[in-house]
Structure formats: structure tokens, C-alpha cells
Amino acid sequence: MLKQTEGSRAVAEAIALCRPQVICAYPITPQTHIVEGLGEMVKGGELVNCEFINVESEFAAMSVAIGASAAGVRTYTATSSQGLLFMAEAVYNAAGLGLPIVMTIGNRAIGAPINIWNDHSDSMSMRDAGWIQLYAETNQEALDLHIQAFRLAEELSCPVMVCVDGFILTHAYERVDVPTQEQVDVFLPPYEPRQILDPADPVSIGALVGPEAFTEVRYLAHHKQLRALGLIPHLAAEFKKQFGRGSGGLIRSYRTEDAETIVVALGSLNGTVQEVVDEMRARGSLIGSVSICSFRPFPLAASREALMHAKRVVVLEKCLAVGLGGIVSDGVRKSLSGIVLNGYTVIAGLGGRAITRGSLTRLFEDAERDELEQVTFLDLNADVISYELERESKARRTGPTAEAILRRIGTVASGIG
Amino acid sequence: MEETIKFYQTGTFTVGNRLLKDDQRTVQADMHRTNSLNSGHRACQGCGEALGARYAIDAAMQATNNRLIAVNATGCLEVFSTPYPQTSWQVPWIHSLFGNAAAVASGVAAAQRARGNTGVRVIAQGGDGGTTDIGFGCLSGMFERNDDVLYICYDNEAYMNTGVQRSSATPPAARTATTPAVGNFPGNVFGTGKNVPRIAMAHRIPYVATASVSNLRDLERKVTYAMSIDGARYIHIFVPCPLGWGSASEDTIKIARLAVETGLFPLFEAHHGEVTARTPIRHKVPVTDYLKLQKRYAHLFRNPPDEARIGLIQMMADRNIADYGLLN
């Protein structure tokens, strides 16, 4: 059914259609609307046979999810930012135990300085936790990916994060097509756990494992993700056949057929990138873009195939590996091993800074002329940086940095570009 | 005609199991006991925690007709019982993390409700570190939601698994690796620590009890009772640790009994936040009897003894006796 709704509501409705049995919730912006929606559905009797638990922290949220999943029920939670970091130990544990929990990340920056707006620092911090990570481009894809996520998680016994850009998607009202319960039931069969805490057949889960087997256990976790490289496109194809629209998959190329310059990005940013690609194509540029949906497992082969004929690749990242530069770029460059081309990392949109068509156009035109640094910070305010560095070089007790910068630039609109 | 119970030994309250009615007999005397924590595990000799866990889980198994799931915090109990491929647990058992046993148990309990498994009950268990410190947030959350979980804390008053470091359950003056017996005030400082049974009571949960491996029948009874009611329940069991306390393995029960008889560890039960029963002290003993058996207090008994701080510990015991009316 087509409806105009908020991204969070669309996700909540998708989750409800997946018939979860335990949902744990701890509030953090911008994830709140998702769990509020689900809480209302459970309380109102719309979502039946489901336990909705308000917990005292994100660490507890993931821990309750671990217990519920190990006891054999379909389990869901959602978080963002600091919440994901606070549950980090349990995030790794859920993957290590092979529990097919699905979690939405309403992507948000990590402090300090505290910041509620969108970037990918949160989910990227958990990229090696053993979870599959899927990034949604639109609200429709966010909805669709959750349905695919349960199927993927349960077939592999591996938890899945669906990463949805905070505010940009979670709080945006857009048209979405919400499938029927019958459609979802056909795509997503009831959960059949591989392991279950059952008094009729007692097992020990989470035992101490020493050096004699630890590597093998970890290898199997890796192997699971390698299997996902085959399963993710398979499920996307099956989904398309049944629901009549394409969503998910490993990566998607946009106008890359003869492209000399290819831009790589994750999530909602791809919409803006594609618009700029269209504008530049109209002016004669040979430019295209690639959207990575599956960041874990990282689609090395698909990425190589999509990018290998380009002259240059610009990786746009809403995250920063401090002291190195890019995070997504690492995977992209590995996928292009042995191929000579120019690779650029662009850090953009940190803490919700707007990534505008104007800025991207200038950036891509610089790239076409190969006038980019290896690592570029889009729309970095050089004046602020040089002033602050000079101030710090002159005095010892300069006080807190972020506050000093804000004092200097004053109250300004967040619109940059 | 009701037969009068005959006491076994003069001057004690010990009674022959065979003389009791079936429902009053100890679970451990039942040939059908489940041995939920089976023999062959790797606990130290004289481990109070292994003893307490064995009695507690077997009693819970009997009370639930073997329909029980156990969740374990990281710690000695977890490590000595499951060095895979060996596991001592003959009960569905999960270990997730150090600080989340109560929350994992909440999840297991929620799953039982979602699946309609009405008869399957859940126990979470951990040491004092996993309960009073790192797991405290999840524990309090489980309490306030009144989740259907019995949480058992095996309190040996320090982080024994990592090598005897102080926890918020470590008593004053006790020597641990992080409260060494050096300086002018050796051992753990006075005026610190956390009384988790009282904090549990402050949540007004249906049932809170303390128990000791010196009173094993009482321990079984409390666990059995706890499994007969719904909602959040908490049992705090005193379990001496020969390794961490510097006591003889064969003195575990004796030391646990002295903790009760001195008043240092009051045995009581509370319903919805109110104390409803306590175990009276039969033969009150001075705290020195208890302290002297443990090397962790050896610095109190140098020449001359640290009378001032021994006196403070005696005051703690006397205050417990007064607070709980243990000599009435």
C-alpha cells in the first residue's frame, strides 16, 4: 500500500510485518520514532505475540536481545551513536554467539563534541563486530532492507544491522510502498533457530574456548559473511521478483558504463550524488557513481568489477578514521588491488554538515582534473582551523577546543556551501 | 497422627533427613536430584560458590519440574564449569558477558512468554563482581521491570576469577590484591561497599533473601520458595573462597557459619521490600573467631592486634544483630 509517511514509521511497519517476538528499546535520537512506533503497535494490539521491553540502557537492550534470540525467538532492537558504543561489548557477543538479531542504526555522529546529527561514525565503529551491515539509500529501501535482513540473518545465524541515515531518512516524510502481511509471510518464513535454550534438550552456550579452537570459530564467522556475499544478491533478486522493486544487493552502479570518474558512497548521500552525476553528464562529463549497500561483508569482487575501468575513484565517506583518513576507501582500494588509477578519499557530512550539490560539483570537477588531495575534507573551514591552530601554538591554557571554535564563529545557520 | 520430629544430636537443630516428611527433605538427598552442576568441574577445593550453585540450581530444577534455563555472568562459576568440550551444566545454560546476566535472563524470560512456554523459568547467576558492580545496572533494570527472573548472587566478597581484587562487596579491612595489607590502614577501607539485598528490597520486588552455604537446607528452601512465585526475585548467597580469603579448604562451612553466628552476614527474607523472616543466632560468637581463620584479615592480628579496627568490625556485626533482631 502506498502511503506518505516518516522514515521511522516505515521502518517500524516493516519490522511489525516481520512478526518479531521480542523488541527491546532504549531511547536515543534519532532512533526514537522507530521504537515508539513499535511500542504503540504492541500496546495497541496491532502487533501480537510480541514482548516490548523498555530497558535501562543500550547495553541491556542488546543483552535482552541476546537472551531472547538464544531462547529461540525473532528479536529486534534499534539504536544510534553513543547507544551503539554503549552496547559495543554485547554487539560483538551477539555476533560471536551467532544470534540472528536485526538492529536498525539511525546513523548519527559520535561525540565528543556531542552532536545528534547524521554521519556514519557509529555503525563504522562496529564494522568488525561480525554483523552484516546494510546501508539504505531511501526510505523505501530502509523498509525493504529490514524484511530482507531477517531472512538473511536467520539463514546465516548472523546478526544484521540496517543502517538508515539519521534525520535525512529517519525523520523524512516520503512516499513508501508498504507490503501486505501475506507478501512478507511468503518471503520470510517463521524463525527456525539453529541453537535454542530448551529444557527438553539442554545445551551450554557461551562456553570458554581456548586457543585450540578460537581461530576456527572466528574463521567460521568470516566464512558466514563470505556466504552472505552470495546470499545478499540472491535475496535482493527474490525480493524484486516478489515485491516488484529492486532494493538491497551488494552494490548498485549508476551511469558508470563509460565513466572515467566514479564516485562511491553509502546510504542516502547517493541521491544527491546521482543528481550531480546527471548534471555533469549533461555537460559532457564522463562520470558515474556506485552505491555500496553491503558494507559488511565488503563486496570486493563486485566493487572491482564496477570500478576497474575508471580512471579515478572518489570515495565519499561520512566517517573518519582519525590518523588515517578513510574507512570505506580501505575496502575500495583493496578491491582494486593491482589496478592503476587515482583514488581519492573525501570526508564529508560529518556531524550532519549538509553535503550540497554545489560542493559536490566543485569536488567532482576538481577530481576530474586530478586536483584533489589524497584525503580531502569537504567544505572544511580553513580559517577556523588556522586560527585555532595558531591560538593553540601561542598559549598553553587555551581551554576546550570545540567551545572556542563556536565562540569565534558565533551563531550561524548549519547550511554550509 | 503427626509424628514429632526427633533431633539427631543433642544441642543442635540437626535433624535426620529420613525422619522428615518427603516435602521437607533436602533436594540433595533425593536420588532423582538433577546434578545440574555436575561433578568434575574445576573449582578449587572447598569452593563455596560451587557448593552454593549446586544446591541452588538442583533445588530450582526440582521446584520447576526440570523446566529451567540458567544464565551465567562471566566469573569463576562460568570458567570452572565450562572449559569446553567439558561442561558441568545439565541444564540449558548460557553465558554472554560479565555485566549482563540479568538482562540476558530478562530476554530469555520474554522469549518464554512470547513462545507461550508458561512453565519454563529462568535463573540468572553471578558472583559479587558481576552482581554488585559491573552487572548492577542490568540487575536494577530487571528488578524495576519486575521481570520473571530469579537472580542469585554468589558472594565471595571480591573478584576471585581475576586474582582477588576488591569489589563493592569486599568488607572493610579485608586484604585483596587491590587493597593490600600495607600502610597505616591495611586492607579495604571502612565506610564503603554496597548492600545489594537492601537495594533489591528498595525496588520492592516480590522476594529477596540472603542465604549461606552453612545453612544449606535453608538455602534450598529459599530457592524452592523463590521458584514458586512470579516476578523479580533475588537471593544473595554467602560463599567463602579459600583461595581468596586465605582459609583452609575444609573450613568453608565453618567460616560461613561463623559469618552467620557473629552477625556479620544476617540471614533473612523480605517480601515486597519488608523483612518478613530472619534466622536467629543460636550461639553468638565474637567476630575475631571468624576473622582469625582467614589470612585476608591477618594484619589485624599482628602484635599488637589492631583492636580499634577489630572493634569496628564487631560494631558492624552488633548493628546487624540489632537491625534484624537476630538474638530475639
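The model is predicted, so local features need pLDDT of at least 70 and side-chain atom pairs count only at pLDDT 80 or more, while totals for chains, interfaces and linings use all residues. Residues are numbered from 1 along each chain as its sequence is written, and chains are lettered from A in the order in which they are written.

Between the chains, 37 residues of chain B are in contact with 35 residues of chain A, contact being C-beta atoms, placed from the backbone, within 7 Å. On the side of chain B that touches chain A, β1 (68-72), β2 (93-95), α3 (101-115) and α5 (136-144) each supply at least two residues, helices being DSSP runs of H or I with at least four residues and strands runs of E with at least two, numbered from the N terminus. The most comes from α3(B), with 12 residues.

Strand β9 (residues 204-205) of chain A runs parallel to β2(B) and is joined to it by two bridges, where pairing requires at least two DSSP bridges. Within this pairing, Ile205(A) stands opposite Ile94(B).

In chain A, the axes of α14 (residues 382-394) and α15 (residues 401-409) come within 11 Å and cross at roughly 125°, the axes being lines fitted to C-alpha atoms over the stretch in contact and the angles running from 0 to 180 degrees between N-to-C directions. Val384(A), Tyr387(A) and Glu388(A) of α14(A) make the contact with residues of α15(A) including Ala404(A) and Arg408(A).

Note on methods: Two residues are in contact if their C-beta atoms, placed from the backbone, lie within 7 Å.
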